[in-house]
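Please keep the sequence and the structure in view while reading.

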Amino acid sequence: MAFGLPGVHNLPVWEALAATDVRLVGVRHEQTAGYAADGYARATGRLGVAVVTTGPGAANTLAAVGEAQASGSPLVVIATDVPSTLRRPGVVRGVLHETSDQAAMFAPLTKGQFTVETAGDIAPALYRAARLALAPQSGPVYVGIPTDLLRQRAERAASVSDPVPAPGPVDLDGARRMIDAAARPLVWAGGGALRSGAGPAIGELAEKLAAPVLTTFAARGLLPLDHPCLAPNPVHAPEVGRLWDQADLVIGIGTDFDGLMTQNWLMPQPPALLTVNIDPVDAAKNYRPDLTLTGDATEVVTALADGLPARPGLGDVTAELRGIAARLRQRVRTEEPQAADLLSTLEEVLPTGTMLVTDMCVAGYWVGGFHRVPAPRQLAYPMGWGTLGFGFPAALGAAAGAGRTVCLTGDGGFLYGCGDLATLAQERLPVTVVVVDDGGYGMLRFDQDREGLPRRGVDLVTPDFLGLARSFGIRADHVKGFGRAFRRQLGQFVREEEPNLLVVDATLRPPLNTSPRWYRREQP
C-alpha cells in the first residue's frame, strides 16, 4: 500500500507498480500522500509509503513528515529528483523542479536520507530505508531517485543484510530494588510501549505492583478498558495529576515525557524514576532517571515482571481509579455538557474495531484527552508536531489499511485537504467525516477572547460543506450540537459501507489538556 501523486518525473514508478501487488492510491495533494501514509502506519503498525515527484512535490510532504517524526510513525517518502545527467555540483541550472539539495530539506525531519547514484542502487536504498523507518525508534526516512535512473535497466539486487545490534545488559536487580523500596509506584506508558506491543507485559507488571497506569496521547488503547490498573485520561486533570504527585516511584516505559503531556515539565521530578527505553538519551532528556533499562519495552518489561512477587492492594487501587473516573466524568459534564455528549456517543455507537482520527480542533482535543480508547491503534491524534490539517488525509490512509474510520475535524482544518474528497469518492474508502463547524479556528478564538484581544483571523467564511461533499457523490447530512440527532445520525453513518460526511454546528470550550487551561500553570 502506498499513497502518491503522479508527476512528469515519477510516471515510471506508477507504471512499474501497476505490474505488482502494491496498491498505489492516487491523492490530490502531496501533503495528503504523507498524512495518509502516516495514518496507514498508525492504524496497521506497518510501513507507510508516500510516492511524490521532484521539487515542489517533495516539499509539499514536509508538514506530514514532521508530524510522522514527532509521533514515531514509520514512513518512507520516495521522491524523484532532477535527472543526474543534467545536474552540476554546486550549481542550480534551472532544470524543471530543481533544488540545490532536495535531500537537505528532509534532514531535520527524518531519521535518514538516501539519494541513489545508479539504477542498481534503487532497490538496496529502498530496503535500507524501510528497515531504518521501522527500527525503534521508528520514524520517517527520505529516498531520492534521479528520474533518469527509473528508465534504466538494472540487475536484480543482491540481498541486503544490515547487522542488528545486540541489546546490552540491563540492571534488572537494580530496578527490582527500586520497586521494593517504593510504597506507591506509578507506571507511565508512552508511544514506544504501544509500538512495541508491550500492553500485556505492562498490564501484568502493573497488577503485580498494584500500580496505576497512565498512558500518553500516543499510547491510548495500550490496556483494555476493564484493566484494573488503567487510570482515566488525562493527566492534565487535577484528579489524575495527583497520581503523579503522590507516587514515590514512576516507571516510564517507551516515553520521553514530552511537554504536551507534562504541561511543559511543570509536573515535579519524581522522588525516584525508573525508565525503560530503546534510547537512553531519549529517556533522560526531560526528567532525570535514577536508572534506565535500555531495550525493547516488551522484552524488558516481561523480564522485569517475571521476577516480581504480586503485592497486596490491587483492589484498593482499582477502587481509587474508579472514583477518579467518576469525578472526572462529572467534571466534563459540568464544564462542557456538549463534550460529554460527544464522548458518550463515540463510546456507545462506534462499532468494534473502528479507527478514530482527530485533527487539531477543539472537539479533537476533547477526544484526544478524554476518549476511552478500547484497543491499540484505534486513535490517531496529531499531538506529536501538532499539525493542523492532519485529520482528514490521515483518515484516508487509516481506512485503506484498517477499514471503517471516523475522522473528527474542525471546519478550518478540513479545508486544508478538502480537495481529497475526490480521493475519498474515487476509492470509496469507508470513512465517516465529522466536521465540527464553529465558523473558524475555535481554539485560537478562545485564546484571543481569554486575553481580551479583538478577534483577528479566526472567524472564517466556510463553504456549504453538504453541497461540497455531495458534489463528489458523497452522502452528507447536518445536525446541530452533539445531542440525540448527532447520536442517531453518526450511528447510522458508521454502519454504512460507503463514505459519508456529517456536519455538526457546535462551539465547544477547550478542555484541560490544551495549554491555555493547564492547571499547574494556574497554581501559585
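Five bridges link strand β7 (residues 185-189) with strand β9 (residues 249-253), and the two run parallel. Helices (H or I, at least four residues) and strands (E, at least two) are DSSP runs numbered from the N terminus, and two strands pair if DSSP finds at least two bridges between them. The model is predicted: local features need pLDDT of at least 70, side-chain atom pairs count only at pLDDT 80 or more, and totals for chains, interfaces and linings use all residues. Residues are numbered from 1 along each chain as its sequence is written, and side-chain values use heavy atoms, with hydrogens and water left out.

**Strand β7 and its partners**

- Opposite Val187 stands Ile251 of β9, while Trp188 has Gly252 as its bridge partner in β9.
- β7 is also joined to β8, by three bridges, and these two strands run parallel.
- In β8, Val213 stands opposite Val187.

- Five of the five residues of β7 are buried, so the strand is largely enclosed by the rest of the structure; buried means under 20% relative accessible area, with exposed over 50% and partly exposed in between (1.4 Å probe, protein chains only).
- In a regular strand, side chains alternate between the two faces of the sheet.
- Both faces of β7 are covered, with Pro185, Val187 and Ala189 buried on one side and Leu186 and Trp188 buried on the other.
- Helix α10 (residues 238-246) lies across β7, β8 and β9 and runs at about 115° to β7; axes are lines fitted to C-alpha atoms, for helices over the stretch in contact (heavy atoms within 4.5 Å), and angles run from 0 to 180 degrees between N-to-C directions.

**The five-stranded sheet**

- Five strands form an open sheet in the order β8-β7-β9-β10-β11, with parallel pairing.
- Its edge strands, β8 (213-215) and β11 (291-294), each pair on one side only.
- From one strand to the next, the twist averages 15°.

**The six-stranded sheet**

- Another open sheet has six strands in the order β13-β12-β14-β15-β17-β16, and its pairing is parallel.
- β13 (379-380) and β16 (475-480) are at the edges with a single partner strand each, so one side of each has no neighbour in the sheet.
- Six bridges pair β15 (residues 431-437) with β17 (residues 500-505) in the parallel sense.
- The bridge partner of Val434 in β17 is Leu502.
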